[in-house]
Amino acid sequence: MAGRLFPAGGARSIPLSKPIMYIGRAPECDIRLSFSVVSNRHCALIFDGFNWTVQDLGSRNGTRVNEHWVTHHVLQSGDTVSVAAKYRFTIEFDIAIERKRFLEMPEVDRGSVLSGDDRTFTEHGPATKRLEPHDKDVWSKFEK
């Protein structure tokens, strides 16, 4: 399965569909968080062919991985990425699958944007079990 971000609280997961995915408030961001505490281009998830990394893009309220402030960090499957210390995602991926998937992907498709899947909070599996129960309340207002 392709790598995914699981929002805290169980909103729909977000597939890691491109080698560089921007998170921020700006309309051109791949993962858009329309909140004033989130910078226009807050951070980026980058697959360099070997690892997924998160890079803070000089945001006002910072980026954390597993509750540690970072500017650049190599991610492991199961890490929790926090944007502006408020919006949390758990990243899950298999590095062998990611390498194969991006190497086989035609250059044209590498930039396509995919939407989240149809799994619900209870169907997300192990990723949501690592999040605190109060996160469901924070994210439930964003589910449709």
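Glu67 is partly exposed in this predicted model, with a relative accessible area of 43%. That value lies between the 20% and 50% cut-offs, so Glu67 counts as neither buried nor exposed. Glu67 sits in the loop between strand E7 (63-65) and E8, and its phi is near 70 degrees, a positive value in a residue other than glycine. Most residues other than glycine have a negative phi.

**Another loop residue with positive phi**
- Ala84 also has a positive phi, near 60 degrees, and is a residue other than glycine.
- You will find Ala84 in the loop between E10 and E11.
- Ala84 counts as buried because its relative accessibility is 11%, and the cut-off for buried is under 20%.

**The open sheet**
- Six strands make up an open sheet, and their order is E2-E1-E11-E10-E7-E8.
- The pairing in this sheet is antiparallel.
- At the edges are strand E2 (14-15) and strand E8 (68-70), each of which pairs on one side only.
- In general, the strands of a sheet pair through backbone hydrogen bonds.
- Strand E10 (residues 80-83) pairs with strand E11 (residues 87-92) in the antiparallel sense, over four bridges.

- Ala44 is part of strand E5 (residues 43-47).
- With a relative accessibility of 1%, Ala44 falls under the 20% cut-off and therefore counts as buried.
- Which residues is Ala44 in contact with, leaving aside its neighbours within four places in sequence? They are Met21, Tyr22, Thr53, Val54, Gln55 and Leu57.
- Tyr22 from that list is 22 residues from Ala44 in sequence, while the C-alpha to C-alpha distance is 4.4 Å.

**The chain as a whole**
- The protein chain has three helices and eleven strands.
- Of its 144 residues, 45% count as buried.
- Taking contacts between residues at least 6 apart in sequence, 47% join residues at least 24 apart.
- The protein chain exposes about 7700 Å², and carbon and sulfur atoms supply 54% of that area.

Notes
Residues are numbered from 1 along each chain as its sequence is written. This is a predicted model: local features need pLDDT of at least 70, side-chain atom pairs count only at pLDDT 80 or more; totals for chains, interfaces and linings use all residues. Side-chain values use heavy atoms; hydrogens and water are left out. Two strands pair if DSSP finds at least two bridges between them. Helices (H or I, at least four residues) and strands (E, at least two) are DSSP runs, numbered from the N terminus. Buried means under 20% relative accessible area, exposed over 50%, partly exposed in between (1.4 Å probe, protein chains only). Contact means heavy atoms within 4.5 Å. Accessible areas come from the Shrake-Rupley method with a 1.4 Å probe; for residues, only the protein chains shown count as cover.
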